[in-house]
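Please walk me through the salt bridges and the nonpolar cores of this model, with the cut-offs behind each term.

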Amino acid sequence: MKHKTILFIGTGQIGKAILNKMLLSNPQKIIIHNLTEEESIFICNKFKKKYPNIEFIPSYGNIFMPYSLKDLSNRNLYDKSEDIINYFYSEISQSIFEKSTIVTLIKKYEPSLIVDAINTATVLGNAYNPEYNFKCYHEDSSSCSTKLMVDDYTTKIINFVYSLKYGIETYNVEKYVKVSTTGLGGMGINMPYTH
């Protein structure tokens, strides 16, 4: 089946290889979403030369965050602790889904296919540091608890999966494909979440 519009998330080493194969189906439009604007623009420009008949649209930001906070760097997460905690620890609802980055992109671009090539284990598990958390908790339990809630990967993956399911069903996405590895690349087996 040929898909006219594809949302492609994550163009690392594996993502780029799969994107090359996907482009052979000659979609009309492909949205390339990466963490940074520079990554997405670079990939779009690279592939535009090879496939001039396909429209490439760069998109960027942290796919696991609410859309309003998608451009927040990891260094500045704690500046928005209250907003992050309120979002991820609220009751799961349509209102929360509609604020997610993934649903916002689905509504904006109306893809029939989503290809997710993010190394989820590395992205979400990167903030997990039990030794630091132990020391932090003994030094200042209140601020450490806030940090743990902001960094918690469990709430982020739960929110992403529920939001994705809602977006697919509500906005008629035909197919979602997760490109999965053993989770042994990147940070490796110290990741608390593997896929």
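Lys107 forms a salt bridge with Glu98, and their closest N and O atoms are 2.9 Å apart. A salt bridge here is a side-chain nitrogen of Lys or Arg within 4 Å of a carboxyl oxygen of Asp or Glu. Lys107 counts as partly exposed because its relative accessibility is 41%; buried means under 20% relative accessible area, exposed over 50%, and partly exposed in between, with a 1.4 Å probe and protein chains only.

The model is predicted: local features need pLDDT of at least 70, side-chain atom pairs count only at pLDDT 80 or more, and totals for chains, interfaces and linings use all residues. Residues are numbered from 1 along each chain as its sequence is written, and side-chain values use heavy atoms, with hydrogens and water left out.

The whole structure contains 5 salt bridges. Another of these joins Lys178 to Asp116, at 3.4 Å from N to O. This pair links distant parts of the chain, 62 residues apart: Lys178 lies in strand S5 (residues 175–178) and Asp116 in strand S4 (residues 113–116). Helices (H or I, at least four residues) and strands (E, at least two) are DSSP runs, numbered from the N terminus. Lys178 is partly exposed, at 28% relative accessible area, while Asp116 is buried, at 2%.

Lys70 and Asp71 also form a salt bridge, with the closest N and O atoms 2.9 Å apart. Here Lys70 is buried, since its relative accessible area is 9%, and Asp71 is exposed, at 52%.

Next come the nonpolar cores. A nonpolar core is a set of buried Ala, Val, Leu, Ile, Met, Phe, Trp, Tyr and Cys residues joined through side-chain atoms within 4.5 Å. The largest has 21 residues, of which Leu7, Ile9, Ile63, Phe64, Ile102, Ile114 and Phe160 touch the most other members. Strand S1 (5–9), helix H5 (101–109) and helix H9 (153–170) each supply at least two residues of this core. A second, separate core has 17 residues, including Ile6, Ile54, Val115 and Ala117.

Which residues does Ile63 touch, not counting those up to four places away in sequence? They are Ile9, His33, Thr101, Ile102, Leu105, Ile118 and Phe160. Contact means heavy atoms within 4.5 Å.

Ser40 is placed in helix H2 (residues 37–50). Ser40 counts as buried because its relative accessibility is 0%. Leaving aside neighbours within four places in sequence, Ser40 is in contact with Ile32, His33, Asn34, Pro58, Ser59 and Tyr60.
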